Amino acid sequence: MLKKILSGVLAAAIALSVPVMSMGADTIEIDCVVSDTNVNVGDEFYVDFKVTDNPTGYNSMQCFVDFDASKLEAVECDVPDIPDDLIIYTDENGVNYSIFSYTNVNGRINFVPSEGDEDYLGMADGVTPAGKLGRIKLANLLSDREDDVRVNYTGTGTLLRMKFRALEGGTSEIAMNDIRGSYTDENGVSQVLAFNANSGSVTINGGSSPDDETTTETTTSSSGSNSGSSGGSGGSGGSGGSSSATTETTTAEAENESTTETVIGGADGETDITVVSFSDVEDNFWGRSYITELASKGVVNGYPDGTFRPNDNVKRADFLIMLLRGLGVDTSAAATGDNFTDVEAGAYYANACAIAKEMGIATGNPDGSFAPNSFITRQDMMILAKKALESELGSEITGDVSVLDQFNDKAEISAYAVDSLAAMVEQGIVSGMGDGIAPKDNTTRAQAAVIISKIMENIG
């Protein structure tokens with residue numbers, strides 16, 4: 001069989017890349033390339049997921065593409081939109097096939113998932129198409145059309161192209177998540193593949209985006225191999241609600257104009273305590289006490305509409321801001337040391353990142369970056385929380401890794417995170433989510449509140 005790979009160059013800007021799955025011997029590397037990373041409201045642009053390393057080939061794949069539906073909408077592609085370097089298979093009749101053709105993608109963009117469809121993490125309403133929900137499921141396999149034998153795609157290039165329209169000012173990540181796939185080895189046996197997919201980002205000018213100078217906790221969609229359904233207790237017990245993979249890039253530092261604030265007498269009969277509540281945090285919500293406590297202390301904030309959006313995901317920089325506030329650190333103060341290479345001096349989170357680096361809480365990536373606008377996974381959240389606790393206690397926290405045996409997803413914990421997660425579990429700060437600990441799920445706002453509350457309890 002003739003395998004044909006079309007090569008070409010796409011004039012694109014490579015967006016900030018954040019690894020989202022551990023690598024193996026047969027790992028397929030995928031980069032997200034955004035044709036224009038700075039657009040205006042109403043603009044359309046391409047996002048290409050490009051295979052950059054393909055050691056074995058592949059013949060089947062399932063994945064989700066997540067983005068912020070309040071900022072972006074996926075729109076249909078047509079024939080002229082097909083990239084020059086699309087990875088294809090040409091059969092003996094000269095017919096070309098790609099694993100994610102534009103017709104396949106268009107069908108999934110327009111697909112209306114049933115209400116309650118678990119793949120859509122509670123977002124489906126039976127009316128809204130996936131392209132407007134912010135979570136698109138894609139799945140396909142390649143087989144010879146005559147004998148139905150699976151044939152491996154090989155080579156590198158564009159695996160998937162999507163087109164988006166900018167709806168509102170702000171920033172949105174675009175990520176390929178929950179990737180599964182296989183290839184057929186020389187013995188005709190199907191083998192499971194690992195994937196390492198990097199996320200992209202786009203900034204949208206115009207619309208009603210808040211002023212970044214007064215923002216803090218920005219939330220967007222899930223990334224990487226995370227399921228995005230981490231609606232549990234943030235590793236602190238309790239029954240979970242469902243996490244949203246489509247999320248808001250609106251920010252949480254705006255005034256709580258619609259929140260309910262109740263002032264009651266303090267324990268000494270003189271000091272007043274302000275108790276803040278939110279319209280979307282019910283009395284029976286598993287994380288309510290933690291959220292209201294932190295809000296009352298000014299550690300976390302709600303939105304102008306009176307909501308907290310507890311199931312929205314949290315960016316790495318925003319978790320640092322909340323964590324430092326929980327430690328009593330003034331995040332408006334300038335740090336004396338150097339910042340991470342990808343933190344702009346004027347960013348609302350610049351001081352917090354520099355302070356956390358100076359304190360040794362955040363060390364960043366080997367290249368000196370921190371990926372502040374990427375979502376923070378639960379395992380990375382626990383690592384930062386552990387370092388923050390150690391910074392305050394002045395001593396190291398350890399744990400026996402055997403304590404992780406109770407979790408059925410222990411094998412999913414990255415090697416660099418094992419010791420930290422063991423310490424947090426043994427310390428009683430993390431207790432998992434059901435039977436697992438969901439290390440690579442994204443952290444939700446509610447989960448972050450729980451963890452930070454428990455850190456504050458431990459430092460007294």
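**Burial and surface.** I looked up burial: 55% of the 460 residues of the protein chain count as buried (under 20% relative accessible area, exposed being over 50% and partly exposed in between, with a 1.4 Å probe and protein chains only). The model is predicted, so I kept to the rules that local features need pLDDT of at least 70 and side-chain atom pairs count only at pLDDT 80 or more, while totals for chains, interfaces and linings use all residues. Residues are numbered from 1 along each chain as its sequence is written, and side-chain values use heavy atoms, with hydrogens and water left out. I got about 18,600 Å² for the accessible surface of the protein chain, 45% of it belonging to carbon and sulfur atoms (Shrake-Rupley method, 1.4 Å probe).

**Elements and contacts.** I listed eight helices and 16 strands in the protein chain (DSSP runs numbered from the N terminus: H or I of at least four residues for helices, E of at least two for strands). I then took contacts (heavy atoms within 4.5 Å) between residues at least 6 apart in sequence, and 76% of them join residues at least 24 apart.

**α4 with α8.** I checked helix α4 (residues 316-326) against helix α8 (residues 445-459): the angle is about 25° and the axes are 9 Å apart. Axes are lines fitted to C-alpha atoms over the stretch in contact, and angles run from 0 to 180 degrees between N-to-C directions. α4 and α8 are therefore roughly parallel (angles under 35 degrees; over 145 is roughly antiparallel, 65 to 115 roughly perpendicular, the rest oblique). From α4 I noted Phe319, Met322, Leu323 and Gly326, and from α8 Ala448, Ile452, Met456 and Ile459. Seven residues of this contact are nonpolar, one is polar and none is charged (Ala, Val, Leu, Ile, Met, Phe, Trp, Tyr, Cys and Pro are nonpolar, Asp, Glu, Lys and Arg charged, the others, Gly among them, polar).

**α3 with α8.** I found α3 and α8 packing at about 70°, axes 9 Å apart, which makes α3 roughly perpendicular to α8. On the α3 side I have Tyr290, Ile291, Glu293 and Leu294, and they meet residues of α8 including Ala446, Ile452 and Met456. I sorted this contact into eight nonpolar, one polar and three charged residues. The buried residues of α3 (residues 288-296) are Tyr290, Ile291, Thr292, Leu294 and Ala295. Just after α3, I saw Gly298 with a positive phi of about 80°.

**α5.** I looked at helix α5 (residues 350-359), where Ala350, Ala352, Cys353, Ala354, Ile355 and Ala356 are buried. The buried residues of α5 pack against α4. Gly360 follows α5, with a positive phi near 85°.
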